[in-house]
Amino acid sequence: MTKSSTKKNTTNSNSVMADLLSKHDAEQQKISRNQEVEGEIIAILDSEIILDLHGKAEGTLPKRDLPSDQAKSLKVGDKLMAFVLLTENESGQVLLTSNRNPKIGSAGTKFRKFEEAMKANQALVGRALEVNKGGLIVEVNGLRGFLPSSQVALSQASDLDQMVGKDVTVSVIEVDAAQNRLILTQRLNLSDQVKASLTKLKVGETVEGTIAAVLAFGVFVSIPLHEGEGAIEGLVHVSEVSWEKVEDPNTLFKVGQKVSAKVISIDHETGRVNLSIRQLSKDPFEELASKYQADDVVKATVTKINANGVFMSLGEGESKVEGVIYTAKLDPSITYQVDQTVTVLVDTVEVNKRRVSLAPLITSTKGLIYK
């Protein structure tokens, strides 16, 4: 295979880019609980399936939610419909289920009181047992529930270990008896003052605030209100800190630092205000990627290899962009190694994923069949 002799003209390429940008903008809508979503499978693990929700977020669907025959037949690239159970777990993923209204099975009796507490917005007292990945295991009325780090009170979120063995006041935000899941929060019982303050915030507006805590999953910002009305908390998730991937927010921010952020969503039930720092600036990827067109032959350096494909770096310095040859497009006769420089073919520019989809450049005609 060589570079196409019928390369798309500039007008057509610009049209494709405009369509991609338009689609990207339309998909930046808030994902809400109980919403039906479609996702593309990007990984199949032992107990769960990871879905790309059209660039909005990454979702995780337990395999046990699906009939065993269906789960076994799925492959990377397949599309699945699911419903949102929780808009964000401790890893920043969307929790999904295949059932809009999960039935309460034999475990229903012991979970029923938590359903009633959730409906009544009732506060419960539990005992923090241990720190788990991304949060705390809390025992409430004989049942173990999960309190994600993002749902811990700000005054305690920076040191979860000091909560172990102590009583904590929580509320229920998710109950799923069929999956033995109980999700808790310390952020649900809002004062009338906070509720009134939330109504004054508008999605899309820019706010000024002070960093109150810097954690692995993001940055908490204290947003001052009108004089005498105190402040409310907002969270800049680590994915919204910068257009580039940030491994540790502590390298960029410190407590007491003044920041500007854009309000991207407000949950009036939980008092959760989601903010974005990166959306206050234009995504540099759009300009960098504009120089790549379908069928271009380019040099790339392999950066990592996993079940999703071979990831590569295109360009140099500040002009670098991520490229990937997805597993389905890999040629079994070609092997790759990290740091290897290879020649590849541009397939498409994936603006929503901020990467360039690539394909192997086949230079040999051996084995090809012509008709």
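**View 1. Pairing of Ser171 with Thr185 in the predicted model.** Ser171 has Thr185 of strand β10 as its bridge partner. The coordinates shown here are a predicted model. Strand β10 covers residues 181–185, and five bridges link β9 to this strand. The two strands, β9 and β10, run antiparallel.

**View 2. The hairpin of β9 and β10.** Four residues lie between the two strands of this hairpin. Asn180 adopts a positive phi near 55° in the hairpin.

**View 3. Pairing of β9 with β6.** Strand β6, residues 124–132, is joined to β9 by four bridges. The strands β6 and β9 run antiparallel. Arg127 finds its bridge partner in β9, where the residue is Asp167.

**View 4. Burial of strand β9.** Strand β9 spans residues 167–176. Why is β9 described as largely enclosed by the rest of the structure? Eight of its 10 residues are buried, so the strand is largely enclosed by the rest of the structure. Buried here means under 20% relative accessible area. In a regular strand, side chains alternate between the two faces of the sheet.

**View 5. The whole chain, for context.** The chain has 371 residues, of which 43% count as buried. Its secondary structure comprises six helices and 20 strands. Of the contacts between residues at least 6 apart in sequence, 60% join residues at least 24 apart.

Terms used
Residues are numbered from 1 along each chain as its sequence is written. This is a predicted model: local features need pLDDT of at least 70, side-chain atom pairs count only at pLDDT 80 or more; totals for chains, interfaces and linings use all residues. Side-chain values use heavy atoms; hydrogens and water are left out. Buried means under 20% relative accessible area, exposed over 50%, partly exposed in between (1.4 Å probe, protein chains only). Two strands pair if DSSP finds at least two bridges between them. Contact means heavy atoms within 4.5 Å.
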